Amino acid sequence: MKIAIMGAGAVGCYYGAMLARAGHAVTLITRPQHVRAIEERGLVFETRAFTETLSAEATTEAVGVTAADAVLFCVKSGDTEQAGRDMARHLDAEATVLCLQNGVDNAERLQAVLGRPVLATAVYVASEMAGPGHVRHHGRGELVIGPGPSSATIADAFGQAGIKTEISDNVVGALWTKLIVNCAYNALSAIPQLPYGRMIAVDGVRACMADIVAECLAVARGSGIRVDDNVLDVVMGLAAGMPDQSSSTAQDLARGKTTEIDHLNGYVVRTGAALGIATPANRLLTAIVKLMEESART
C-alpha cells in the first residue's frame, strides 16, 4: 500500500516506521527539521529491541497525500480544520482517511471539512521524537478503528505489519476510554514534568486520578456513551506498563508549545457544563495548563 502520514510526529512516525518496515511505501508530512533529517539519512526507528534506519519519503506539504491508499491523520487537534483543508484537494477519491488524533470529536470535525467519511481511530502507543527524524518507541502500539468499506483491508495490512488493529462498532467508546486515560495522566504529569511511574507513586495522586475519572465517566454517560465499567482499573494500571513515559502534554509544555488541553480535560469541562455536570478536578487541571502555556509565552 501507499500510505501517507499527515502530521507525522511521535505517533505518526511510529506507525510510519512500522509500515515502512513491512514494505509499504510511506510518505511523512512533517516539520522541516524532520524532513531534512529523513532526506539526509532516513527515519531512525528506536525500540527496546532494536534500532533501525528506514527509507521513507518526507515533505512539509500536504501534496504528500497524493495517490495514497490510506492517510493517517495525526495533526494536533487544534490544527484539524486547517490541515484538512490543506490536504482535501490532493486526496485520491478512493483513499481511506483514518483519524489518529487525541480527543473524541476530531473525526467528525475532519469529516465535515473533507465532505467524505473518516474512520475514527483510537490509538494506544507510547512514543516520542528523540531528535530530528528519530522516533523512539516506549510501549504498546495497537489501534481500534471504526467499521467501513476498507476497514478489514486496513486491519489486515496493519496486522501483517505488526500493528494490532481491531475493528469496533463502539469506537466512540474506545475514544472516550482513551480520553479518560489522557485526562487522568496528561496534565497531572505535565505540571511537575514527571513520568507516569514517579507521578502515580506520590501520595494522594491516585485519589486525584480517581476524582478525574469519576467526572469523565459522569460526562460520558450523560452523553450516552458506552464506556467499560473497568476504566478506572485501566487508568490505574497504565503506569506499571509505561513507568518512564512522558505525556504529550508534558512534552508540549517542555518545548514551549501549545498543548491539546482544550480537547482533553477542557473538552470534558465544556461538555459537562452543557449537561449540568460539575467537573472541578478537570477544570482545575485545564486552568493550570493554560496558565503554564501563558507563562511560556512571556
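Helix 11 (residues 265-275) and helix 12 (residues 280-296) have axes that come within 8 Å and cross at roughly 135°. This is a predicted model, in which local features need pLDDT of at least 70, side-chain atom pairs count only at pLDDT 80 or more, and totals for chains, interfaces and linings use all residues. Residues are numbered from 1 along each chain as its sequence is written, and side-chain values use heavy atoms, with hydrogens and water left out.

**Exercise 1.** Describe how helix 11 and helix 12 are set against each other, and list the residues in their contact.

*Solution.* Start with the terms. Helices (H or I, at least four residues) and strands (E, at least two) are DSSP runs, numbered from the N terminus. Axes are lines fitted to C-alpha atoms, for helices over the stretch in contact, and angles run from 0 to 180 degrees between N-to-C directions.

Next, classify the angle: under 35 degrees is roughly parallel, over 145 roughly antiparallel, 65 to 115 roughly perpendicular, and the rest oblique. Helix 11 and helix 12 are therefore oblique to each other.

Then take the hand. A crossing is left-handed if the near helix is turned anticlockwise from the far one by less than a right angle, and right-handed if clockwise. Helix 11 passes helix 12 in a left-handed crossing.

Finally, collect the contact (heavy atoms within 4.5 Å). Helix 11 brings Asn-265, Gly-266, Val-268 and Val-269, while helix 12 brings Asn-282, Arg-283, Leu-285 and Thr-286. Sorted by class, that contact has three nonpolar, four polar and one charged residues. In this scheme Ala, Val, Leu, Ile, Met, Phe, Trp, Tyr, Cys and Pro count as nonpolar, Asp, Glu, Lys and Arg as charged, and the others, Gly among them, as polar.

**Exercise 2.** Which hand does the crossing of helix 6 and helix 9 have, and which residues make the contact?

*Solution.* For helix 6 (residues 171-190) and helix 9 (residues 231-241), the axes come within 10 Å and cross at roughly 50°. That makes helix 6 oblique to helix 9. Their crossing is right-handed.

Helix 6 contributes Thr-177, Ile-180, Val-181, Ala-184 and Tyr-185, and helix 9 contributes Val-231, Val-234, Val-235, Met-236, Leu-238 and Ala-239. By class there are ten nonpolar, one polar and no charged residues.

**Exercise 3.** How many cavities of 30 Å³ or more does the structure hold, and what lines the largest cavity?

*Solution.* On a 1 Å grid over the protein atoms alone, a cavity is a set of points where a 1.4 Å probe fits but cannot get out, and a pocket is an open set with protein on both sides within 12 Å along at least five of seven lines; lining residues have an atom within 4 Å of a point. Grid points are joined across faces, edges and corners, and a volume is the space filled by probe spheres set on the points.

The structure holds three such cavities of 30 Å³ or more. The largest has a volume of about 50 Å³. Its lining is Cys-99, Gln-101, Gly-103, Val-104, Asp-105, Asn-106, Ala-107, Ala-120, Thr-121 and Leu-175.

**Exercise 4.** Locate the second largest pocket by the residues nearest its centre.

*Solution.* This pocket has a volume of about 350 Å³. Of its 16 lining residues, Tyr-124, Gly-173, Ala-174, Thr-177 and Asp-228 lie nearest the centre. Strand 9 (134-145), helix 6 and helix 9 are the elements that give two or more residues to the lining.
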